[in-house]
Amino acid sequence: MVSTKYLLVAGARPNFMKIAPIYRAFSTRQTGIWSPNVIIVHTGQHYDPDMSDNFFRDLSIPQPDINLNVGSGSQAEQTARIMMAFEPACREYCPDWVVVVGDTNSTLACALTARKLGIRVAHVEAGLRSRDMSMPEEINRICTDSISDLFFTTEASAQENLRKEGHGGEKIHFVGNTMIDSLQEHISRSRQLPLPEGLVTGQYAVLTMHRPANVDSSEQLAAILGAVNVIADRLPVVFPVHPRTALKLHEIELHPRVLTLKPMSYLPFLGLIARSRMVLTDSGGIQEETTVLGVPCLTMRPNTERPITCEIGSNVLVGTDPRRIVQEARSILDGNNRHSEIPEKWDGHAAERIVDVLLEQQGPDSRVARV
Ligand code: UD1
């Protein structure tokens with residue numbers, strides 16, 4: 001039996017729900033003579049139990065085989081520390097493939113390290129583009145795609161972006177969305193969990209904010225929360241607070257019906273948004289989750305790398321002008337809901353398609369020079 005070795009990388013909160021179904025699909029696939037050996041690598045970019053360990057528990061994935069424990073730092077420090085810690089791991093484990101997901105610093109740092117060692121890189125959620133180079137994630141997406149060997153995409157815009165950037169058609173695979181695989185698997189259980197005290201299904205909004213552009217300046221954060229305070233006059237707003245946002249939040253007065261909470265783990269949070277009246281967010285993944293759940297989503301950013309959620313889903317880009325945020329929220333509360341459709345292949349089977357493609361690459365001819 002020959003074993004093809006994959007290092008499956010995660011590091012920050014939105015990575016965990018994307019690797020979980022891939023890990024599971026690997027363990028259930030028949031592989032004949034070639035047997036996959038999948039090793040989970042956690043970079044430690046997120047390390048609080050609320051941002052990391054609880055997700056492994058909720059998603060029923062085993063503890064990481066390798067934890068690089070890099071922690072926080074500036075963009076450069078964090079990226080460099082991940083690369084320095086990941087390189088010896090690659091040398092020790094000699095993988096055939098490094099599989100990275102999404103657009104975090106962990107994604108780019110591990111892709112770059114692997115590629116320079118001659119290890120093949122597969123990028124899950126490739127090709128998304130916001131065209132906003134002030135977002136660290138956009139730089140991570142472009143750089144990761146520029147050095148990846150295989151691209152797994154979630155929507156048609158990503159295919160087009162990759163082709164325009166000169167990537168060959170045979171390397172691009174439209175597979176769907178592994179984050180939605182996790183949603184489909186866990187949504188029934190999530191809906192059964194109790195809501196925070198005092199909340200009634202369909203009669204509250206959920207707020208999440210963590211983008212540096214929105215939360216690192218007290219003025220910007222106060223302007224957006226001013227709009228949230230107005231919305232809270234009409235319905236309670238639940239606000240699980242990201243550690244980055246918490247740093248400035250104490251300076252700002254919140255409406256008594258804005259309920260702040262610690263970051264929530266996967267299942268309770270999914271249950272919370274699924275039963276909400278609307279979501280206000282600057283997250284990427286939540287735009288996709290609300291589209292599948294049919295929950296109205298107001299995205300407080302000037303652009304999105306996930307245009308399908310606006311074209312056919314429940315997402316509306318409202319930017320960060322407080323008046324526009326209030327106006328769109330009122331419109332939803334007055335009953336003007338958008339019809340939301342589920343994008344093609346967001347059917348809970350993306351990870352299986354990814355693993356099928358990866359297993360097709362197996363064999364002696366696909367091997368690259370070992371490090
Ligand atoms: C990162 C990702 C972003 C993703 C987000 C989800 C990048 C460039 N950004 O942003 O794409 O949407 O995760 O949360 O990779 N902190 C803690 N505990 C933790 C982790 C972080 O207290 O477990 C604090 C630290 O003070 C840290 C700050 O949060 O400096 C920001 O964390 P970091 O991982 O640098 O970026 P995020 O804003 O979380």
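**Ground rules**

I am working with a predicted model, where local features need pLDDT of at least 70, side-chain atom pairs count only at pLDDT 80 or more, and totals for chains, interfaces and linings use all residues. Residues are numbered from 1 along each chain as its sequence is written, and side-chain values use heavy atoms, with hydrogens and water left out.

**Entry 1: salt bridges**

I started with charged pairs, since side chains of opposite charge can pair when their charged atoms come close. I call it a salt bridge when a side-chain nitrogen of Lys or Arg is within 4 Å of a carboxyl oxygen of Asp or Glu. By that rule I get 21 salt bridges.

I looked at Asp-145 with Arg-129, which pair at 2.9 Å, N to O. They link distant parts of the chain: Asp-145 sits in helix 5 (residues 136-147), Arg-129 in the loop between strand 5 (120-124) and helix 5, and the two are 16 residues apart. For helices (H or I, at least four residues) and strands (E, at least two) I use DSSP runs, numbered from the N terminus.

Are these two buried or exposed? My cut-offs for relative accessible area are under 20% for buried, over 50% for exposed and partly exposed in between (1.4 Å probe, protein chains only). Asp-145 is buried at 0%, and Arg-129 is buried at 5%.

Next came Arg-211 and Glu-137, whose closest N and O atoms are 2.9 Å apart in a salt bridge. Arg-211 lies in the loop between strand 8 (205-208) and helix 8 (212-215), and Glu-137 in helix 5, so this pair ties together parts that are 74 residues apart in sequence. Arg-211 is buried at 10%, and Glu-137 is buried at 17%.

I also checked Arg-323 with Asp-321, a salt bridge at 3.7 Å, N to O. Here Arg-323 is exposed at 66%, while Asp-321 is partly exposed at 32%.

I noted a network too: salt bridges with shared partners join Lys-18, Asp-103, Glu-125, Glu-138, Arg-141, Glu-288, Arg-301, Glu-305 and Arg-306.

**Entry 2: positive phi**

Most residues other than glycine have a negative phi. Cys-94 is not a glycine, yet its phi is positive, about 45°. I found Cys-94 in the loop between helix 3 (75-93) and strand 4 (97-101).

Arg-131 has a positive phi as well, near 60°. Arg-131 lies in the loop between strand 5 and helix 5, and is exposed at 57%.

**Entry 3: helix 7 against helix 11**

How do helix 7 and helix 11 lie relative to each other? Helix 7 (residues 178-192) and helix 11 (residues 266-274) pack at about 80°, with axes 9 Å apart. For axes I take lines fitted to C-alpha atoms, for helices over the stretch in contact, and angles run from 0 to 180 degrees between N-to-C directions. The two helices are therefore roughly perpendicular (65 to 115 degrees; under 35 is roughly parallel, over 145 roughly antiparallel, the rest oblique).

For contact I require heavy atoms within 4.5 Å. Among the residues that meet are Met-179, Leu-183 and His-186 in helix 7, and Tyr-266, Leu-270 and Ala-274 in helix 11. The contact residues divide into seven nonpolar, four polar and two charged. Nonpolar here covers Ala, Val, Leu, Ile, Met, Phe, Trp, Tyr, Cys and Pro, charged covers Asp, Glu, Lys and Arg, and the others, Gly among them, are polar.
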